[in-house]
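Please open the structure in your viewer and keep the selection tool at hand. The tour goes from the whole chain to single residues, one stop at a time.

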Amino acid sequence: MTGIKEVKFTDNALEVQFINGTSITYEDCWLRDHCRCSTCYHADTFQRAQHILDIPESKIVDVNSTESQVVLTWDDKHQSRYDSDFLIKFDYNSFKEGQRLKPVLWHGKAVNKKIARIPVEAFLNSKEGTVKAFQSLLDYGVVLIEGVPPTLEATEKVCIALGGVQHTIFGGMWQFTSKAVHADTAYTNLPLATHNDNTYFTEAAGLQILHCIEHSEGTGGETVLVDGFYGASRLKADFPQDYDFLTTFELEAEYIEEGHHHKYSAPVIQIDSKSKDVKQIRFNVYDRAPMAFSSSSECRSYYRSLKHLARYYQDPENQWQFKLQPGIVMAMDNFRVLHGRTGFTGKRVLCGSYVARSDWLDKARSLRLIQ
Ligand SMILES: [Fe+2]
Ligand SMILES: [Zn+2]
């Protein structure tokens, strides 16, 4: 616990000095909005109880404090209490810092030794196994769950435990062979360069989960992964102009099949406006829509910067290539890690699903791995 040393109030704010040396100023509008009394806040649902327009614009008339609490009296006689543990959380810089994700960038096959491989029983039935899986997704964007029976049903249990099956036009849990059921190259036996899925959705899938449940009478079909954040960091260092372009220029992507036309525009590299951290890569050369440009320089910047970024993603030195065997369920962060595969022969049966980003982060947050 960090106790309160001293409080001061001015016309419209309260300054709190904590014993640990931190000093934070709270505006009166913030304080009234954050009153935790039962009129202002439902403690059982963690929701505010009043509409923002119904919160009075009042003035602080009195302050009492102890080491553990501040009690404010307002000019409409309302009283608000705030625990010191509650107040100290809202130091702006540490608040923002606490919410940052801290991905560990990787390149090449060495990541193979770092990511978690968790027996399915441990993943489904122990907190330790679950924590390890989500930590691996947060750190490296990849986790392998091993010993899964090669069936759709067993794979579904893993998908549910990772946050729940996300339904899209491709279904919920899906299973396919190389026989085309959608107008997409994924449903062929051709090689696929590394890419992110769903660049044409307003929100791309959070996790991509793949389980190769059969590959017989043939070769190839190796999985290729590359860290999209690492490529972006290289672009930033080597070609800062191109990095800036790809963080602002809205690239249009689309998906067309009978009865469907998805389309979405957004930067290829999405960054957090405050921290400048990369928060999403949407890189898919196949799903780019035909586009018009506002100027010749914009058009040329587009091709130059996209090719520069693509070179990192296509460089075998940066990629991790491996054969997914039946029994191994791979989950990867589609906002970060790009996936592809080598061409193949024979009968290859895959199953899996997507998990919405909100849903897997919900699991990670409930496990207290993120804020
Ligand atoms: Fe894909
Ligand atoms: Zn209140």
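A residue is called buried when its relative accessible area is under 20%. With that cut-off in mind, begin with the whole protein chain of this predicted model, in which buried residues make up 47% of the 371 residues. If you switch to a cartoon view, you can look for the 10 helices and 22 strands of the protein chain, whose C-alpha atoms fill a box of roughly 80 × 55 × 40 Å along the principal axes.

Next, select the iron ion (ligand 1) and show the side chains around it. Which residues are its protein donors? They are H195, through NE2, D197, through OD, and H339, through NE2, and they lie 2.2 Å from the iron ion. Along the chain, these donors follow the spacing H-x1-D-x141-H.

Is D197 buried or exposed? D197 has a relative accessibility of 12%, and because this is under 20%, D197 counts as buried. H339 also counts as buried, because its relative accessibility is 7%.

If you select β2 (residues 13-18) together with β3, you will have the antiparallel pair that is joined by 5 bridges, and within it you can find Q17 standing opposite S23 in β3.

For the last stop, select R100, L101, D277, V278 and K279, which lie nearest the centre of the largest pocket, among the 35 residues that line it. This pocket has a volume of about 830 Å³. Which helix gives the largest share of its lining? That share, 5 residues, comes from α3, while α3 (92-99), α5 (127-140), α7 (228-238), β18 (278-281) and α10 (357-366) each supply at least two residues. Coloured by type, the lining residues of the largest pocket divide into 14 nonpolar, 7 polar and 14 charged.

Notes:
Residues are numbered from 1 along each chain as its sequence is written. Chains are lettered from A and ligands numbered from 1 in the order in which they are written. This is a predicted model: local features need pLDDT of at least 70, side-chain atom pairs count only at pLDDT 80 or more; totals for chains, interfaces and linings use all residues. Side-chain values use heavy atoms; hydrogens and water are left out. Donors are N, O and S atoms within 2.8 Å of the metal (3.2 Å for Na, K and Ca); water is not among the atoms, so sites may look incomplete. Buried means under 20% relative accessible area, exposed over 50%, partly exposed in between (1.4 Å probe, protein chains only). Two strands pair if DSSP finds at least two bridges between them. Helices (H or I, at least four residues) and strands (E, at least two) are DSSP runs, numbered from the N terminus. On a 1 Å grid over the protein atoms alone, a cavity is a set of points where a 1.4 Å probe fits but cannot get out, and a pocket is an open set with protein on both sides within 12 Å along at least five of seven lines; lining residues have an atom within 4 Å of a point. Grid points are joined across faces, edges and corners, and a volume is the space filled by probe spheres set on the points. Ala, Val, Leu, Ile, Met, Phe, Trp, Tyr, Cys and Pro count as nonpolar, Asp, Glu, Lys and Arg as charged, and the others, Gly among them, as polar.
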